[in-house]
Amino acid sequence: MSLLEVSDLSVVFPGGRGTLPWQRLPNVRAVQGANLSIRASESVGLVGESGSGKTTLGRAILRLLHPTEGTIRLGDFDVTGFGRRTPRAYRKAVQVVFQDPVGSLNPAMTVRDIVAEPLRLNMGLQGAALDDRSAELMGLVGLEAHHLERYPYEFSGGQRQRIAIARALATTPELLVLDEPVSALDVSTQSQVINLLERLQRETDAAYLFIAHDLAVVRHVCQRIAVMYHSRIVETGPADAICDDPAHPYTALLIASIPDPDPAVQREKTSRRRALGRGVAGATGAPPVDACPFAARCPHVMDICHTSFPTPIATAAGGEVACHLHTTGPMLGGRPLSELDPDTDEA
Amino acid sequence: MVGGVYLLVVVIVALLAPLLAPHDENLATRFQDILFNPSSEYWLGTDHVGRDIASRLMFGARYALFAGAEAVVVALAIGVPLGLLIGYFRGWVDAVVMRIVETVVAVPAIVMAMAIIAGLGVGLTKAMLAVGIVYSMVITRLTRAEVFAAREELYVDGAIAAGASSIRVMFRHVLPNVAPALIVQTTLLFAQAILAEAGLSFLGIGAGSDQASWGRMLRDAQLSIDRTIWPAIPPGLAVFSTVVAFNVFGDGLRDAFAREARGGRIGVGDVQRREARPIDNEGVPVQEAGGSSASDPVLTVRGLSVAFPRLGTDDDVEVVSGIDLDVGRGEVVALVGESGSGKSITALSILGLVPDPGQASASSIMLDGSELVGMPFEQLSRIRGTDIGVIFQEPFAALNPAHTVGRQVAEPLRYHLGMSRAAARARTIELLAEVGIPDPESRIDAYPHEFSGGMAQRVVAAMALACGPKLLIADEPTTALDVTVQGQLLDLIGDLARRRSMSVLLITHDLGVVADLADRVAVMYAGQVVETGCLEDVFASPQHPYTEGLIRAIPRNVSRSGDLPTIPGLVPSPWEWPDHCHFADRCEHVTQECRSGAVALTPSATGLSRCVRAEELALKGVREEAS
């Protein structure tokens, strides 16, 4: 039984005005037909590049925007069926940590006010109970109780992110949406926060939706990974299977593109990356709605890729992949991409 | 400051007017004392009915402040909630309210106020109520604009996700952060309200005859203007100077708030010549400093230091101390470090672009045989445009949105190389093709916003390459780009360096990028180079514990369980740097010796290392980690 169930979710932003008053810009499809489920206490990574729609999907789950189509369910909550008001119980159950540790904490509030806000609003805590719980939360994320009296600007990026995590954990949520929680941090701080997030998950049993562009970071934290490209979820599966033996050509390119500090490994990856990419990245505009969004860059592209988006099928590793190579082309049928061309793949 | 002191005096006079005033402000002491000049009894003379002008002036301060306060309070009471409401919810209410606001603001404020007074009736209180209503439009518009900006902040989303109601978000999260702009505007409106009071009272629809306001005094002075102009001068000057004081005070406030918000501004500072301190070269032959084996260095930096004045003190804080660096011809050298290590400041200093209050000094910066330290500014900026090319992190910050990319790439060709328009255009197309922009003949006339981030960074690369630089400084060139785009840009930089035998100084925090591109690496920590050497050697067997820590802390695409190795603690701030090893407090191998004095950069097994225990420690590199 899954905790979160996202079905056929689409988010379309209306196009704004153009340069001239009667011009209308085309609508922006941020998310199209996304399916995603997260079990209780599971951590799922949502990986993609900027503009892939991963943050938009997270914001729909957080009810910071309203999806155009599809449903979101969390436990007994029919999230897409909520009216204008979001029930308190749902706010309690779903919390968020954003990427930017500077912008995500109100500069005009003390850490105490920031951490205590969800406790006061959702748990009705007051007085000594509120103070105790605030101090306890600070301890949980490796900060001291006396830090509560300070303002956000007095902390480093890593410490601010710890404060944001403490605030998010205040209501003991069932699901924590982590939107690029470590990508603004330095390497040495980043590993500290990753370890903290892993420890907190063991201790609190919260499920994580870990949104990030860095597949290597996600692999450390998550059991399952969903890969997004240009508004579509193109592949899902167990973290190790996705990272070692992907079934979608985009996933393979993404993995080959993560630079490795070992110069020898990196030389191999560079040649693999060159084989897996086609054309110049970013040279083309938005892909047509009914096409595979990766068609313009895919080395295995076929005619059908330009005219229809493939139906996702189950992979051998236990996930899903949406690629014509599996259904109409060489009929990989969910087996890893490495079986197609052993020279260019295998991570 | 001056404005504030003056306003304080006005407030004190207003409060103490009954005690300070030598005469009654409304009744003449002796009825025959009409239109007296200033004397010891009447300090500023008397008006046409014999009232003491000095006393009236003091009470006038009361009316001025009262009138200003009333108008401002009314304006805030209407404008702030209305602005918050329409700014936060937008939609049709916003559209309707804004049309009303625009209509009201289109009419001169005092005329609008007179129209409202026609409805409310005359009198100081009613007049200032009318002025307040008019000014509330200004406040509404300002609040709405500020709320629009604040509404996009992540902490607002965070508060909504935490369950805060709309009212709470507006008043608790948005309002405190729009307050600075409102405070400044309020001060300026206060000044305008005093002017409006003077104007309305002068016209006779403000203060009554028994209210000694400055505007009323001007009106009374006008009745005897054919006999003497003196009674008009004190209230005129009072209005004038109070309004000026409010404006000065408001501008001061604005600057104070802006200073708080301002980040590092890039100004231009020369690099001063200074002999290197002995510690930097101790035991290191100069030609080996920086660990270069290059016999033909394009760039040699010796003893580069950068200091900034520390806020709130008279001390300078060194953020870069004694950097030595060599880049050989055609060589890619990576300067690696975390934020705060001083790597970007080092690069800017080489360019002679030290951020504003900073002071850079070096014993020598040689670029292909010419000494850059002490070079006149014009000559240096020519070198920046021709011999050194630069790529920064944000491509869109480096491109002017108002000009076509072709024009921007051609500009250095025309300016530095004196090419004709046609020749520059032809060369620009070649350059765009060289950096891999498809269809350069048509893309040359496109504007930056028509490019994706990766494509825009290619345009920046074309600009940097325009005059055939000997050295390319690339400061985090791929950090803002997507990972699949990053690879192609790294390939491009590598290809260009090889094809043109161009040297590259690559500044980055990403060890993976270093491994992809660099021949040699210099690791920086807390303002110092702590280790240098060949890429393969340094990453395979690091000779400094910080390098080891960095390599091990990176999450790599391998299956593993358990915690990632970390470097405990935080990068210390520049004013916390010790005299001994900067890394000592975070190092697991620390001994007494590490804290006994400054550590020099000395030859190690693979290059140079700033660690006293480099030889005895068997530190782990990338290979051990991968297995």
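## Architecture of a predicted two-chain model

Chain A has 11 helices and 12 strands, where helices (H or I, at least four residues) and strands (E, at least two) are DSSP runs numbered from the N terminus. The radius of gyration of chain A is 21 Å, close to the 20 Å that the globule rule gives for 347 residues, so chain A is as compact as a globular protein of that length. The radius is taken over C-alpha atoms, and the globule rule is 2.2 Å times the number of residues to the power 0.38. This is a predicted model, in which local features need pLDDT of at least 70 and side-chain atom pairs count only at pLDDT 80 or more, whereas totals for chains, interfaces and linings use all residues. Residues are numbered from 1 along each chain as its sequence is written, while chains are lettered from A and ligands numbered from 1 in the order in which they are written.

Along its principal axes, the C-alpha trace of chain A spans about 65 × 55 × 45 Å. Its domain assignment gives domain 1 (2-222) and domain 2 (246-339), with bounds that come from an automatic or database domain assignment. The C-alpha centres of these two domains of chain A lie 29 Å apart.

Chain B has 22 helices and 14 strands. A compact globule of 627 residues would have a radius of gyration near 25 Å, but chain B has 34 Å. The C-alpha trace of chain B spans about 105 × 60 × 60 Å along its principal axes. Chain B is divided into domain 1 (2-259) and domain 2 (271-387 + 469-555 + 565-576), and the C-alpha centres of these domains lie 56 Å apart.

The two chains touch: 58 residues of chain A are in contact with 57 residues of chain B, contact meaning that C-beta atoms, placed from the backbone, lie within 7 Å. On the chain A side, helix α6 (residues 187-204) gives the most, with six residues. The residues of that side divide into 27 nonpolar, 19 polar and 12 charged. Here Ala, Val, Leu, Ile, Met, Phe, Trp, Tyr, Cys and Pro count as nonpolar, Asp, Glu, Lys and Arg as charged, and the others, Gly among them, as polar.

Axes are lines fitted to C-alpha atoms, for helices over the stretch in contact, and angles run from 0 to 180 degrees between N-to-C directions.

| Helix pair | Axes come within | Crossing angle |
|---|---|---|
| α9 (residues 249-257) and α10 (residues 263-276) of chain A | 8 Å | roughly 150° |
| α14 (residues 405-417) and α15 (residues 421-434) of chain B | 9 Å | roughly 120° |
| α2 (residues 53-89) and α7 (residues 166-202) of chain B | 8 Å | roughly 145° |

In chain A, α9(A) and α10(A) are therefore roughly antiparallel to each other, a term for angles over 145 degrees. Their crossing is left-handed, that is, the near helix is turned anticlockwise from the far one by less than a right angle, with clockwise giving right-handed. P249(A), A252(A), L253(A), A256(A) and S257(A) in α9(A) meet K269(A), R272(A), R273(A) and L276(A) in α10(A). These residues divide into five nonpolar, one polar and three charged.

In chain B, the crossing of α14(B) and α15(B) is right-handed. Residues of α14(B), including V409(B) and L413(B), meet residues of α15(B), among them T428(B) and L431(B). By class, this contact has six nonpolar, two polar and three charged residues.

The crossing of α2(B) and α7(B) is also right-handed. Contact residues include A64(B), G68(B), V72(B) and Y88(B) of α2(B), together with M170(B), L182(B), F190(B) and E197(B) of α7(B). The residues of the contact of α2(B) with α7(B) divide into 17 nonpolar, three polar and one charged.

Note on methods: Angles under 35 degrees count as roughly parallel, over 145 as roughly antiparallel, 65 to 115 as roughly perpendicular and the rest as oblique.
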